[in-house]
Amino acid sequence: MAILVIEGNDMIPATVRSALLPLVRQLSELDTEIRQSDQAILALAKADETARRLMTVPGIGPITASALAASVQDITAFSGPREFAAFLGLTPRQNSSGGKERLGRVSKMGNRYLRKLLVVGAHAVLFHRKRSGDMLRNWADRLMDTKPFKLVAVATANKLARIAFALMRDETHYVGTPA
């Protein structure tokens with residue numbers, strides 16, 4: 001489709017079009033390969049029970065679900081959801097002393113790839129929060145009233161990580177309502 005656009009455009013000189021045509025073909029082939037890879041990842045995620053359960057959570061798609069399922073083989077290695085979120089680098093850095101708790105920025109000390117996937121998923125949840133009335137989106141909507149977008153996105157990613165931990169530990173599906 002991109003090839004037709006560049007060939008039929010009279011605004012671009014013919015010499016430039018002929019020079020760019022190999023690049024357009026490469027991009028078209030790359031798009032096809034990416035589409036095939038996405039389909040393969042979706043098929044693998046649907047075949048894995050843990051990934052299927054994780055995909056029921058808003059903001060967690062086949063890529064994030066399969067990455068979580070593959071990266072975390074034994075969820076019992078974590079003492080709780082906060083430790084799991086810390087493993088992903090989604091908890092605030094603590095600078096506490098003398099009984100006074102001071103929380104700083106997110107530590108970013110954990111698995112960078114999983115953290116990035118969860119933050120991107122959190123962005124999707126925030127962009128589409130008005131369309132659904134589940135508890136996660138309602139919580140994020142209330143937070144958006146007082147906090148900046150990126151802070152809420154990281155907080156939502158932290159919550160997604162904790163929900164993913166609970167689903168993997170309890171082997172349940174996401175319902176969207178409080179227990």
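**Close-up views of the predicted model**

**Figure 1. Ring pairs join Phe78, Phe84, Phe87 and Phe165 into a cluster.** Rings of Phe, Tyr and Trp (its six-membered ring) are paired if their centres lie within 6.5 Å, with planes under 30 degrees apart termed stacked, over 60 edge-to-face and the rest tilted. The model is predicted: local features need pLDDT of at least 70, side-chain atom pairs count only at pLDDT 80 or more, and totals for chains, interfaces and linings use all residues. Residues are numbered from 1 along each chain as its sequence is written, and side-chain values use heavy atoms, leaving out hydrogens and water.

**Figure 2. The pair of Phe84 and Phe165 is tilted.** A search of the whole structure finds 5 aromatic pairs. In the pair of Phe84 and Phe165, the centres are 5.9 Å apart and the planes are at 35°. Because Phe84 belongs to helix α5 (residues 81-87) and Phe165 to helix α8 (residues 149-170), the pair ties together parts 81 residues apart in sequence. Helices are DSSP runs (H or I, at least four residues), numbered from the N terminus. Phe84 is buried, at a relative accessible area of 0%, and Phe165 is buried at 2%; buried denotes under 20% relative accessible area (1.4 Å probe, protein chains only).

**Figure 3. Thr64 is placed in helix α4 (residues 62-71).** The relative accessible area of Thr64 is 7%, so this residue is buried. Neighbours within four places in sequence aside, Thr64 is in contact with Leu117 and Leu118, where contact means heavy atoms within 4.5 Å.

**Figure 4. The charged end of Lys159 sits over the ring of Trp139.** The distance to the ring centre is 4.6 Å. The criterion requires NZ of Lys or CZ of Arg within 6 Å of the ring centre and within 35 degrees of the ring normal.

Definitions and conventions:
Helix = DSSP H or I, 4+ residues; strand = E, 2+ residues; numbered from the N terminus. Buried < 20%, exposed > 50% of the residue type's maximum accessible area, 1.4 Å probe, protein only.
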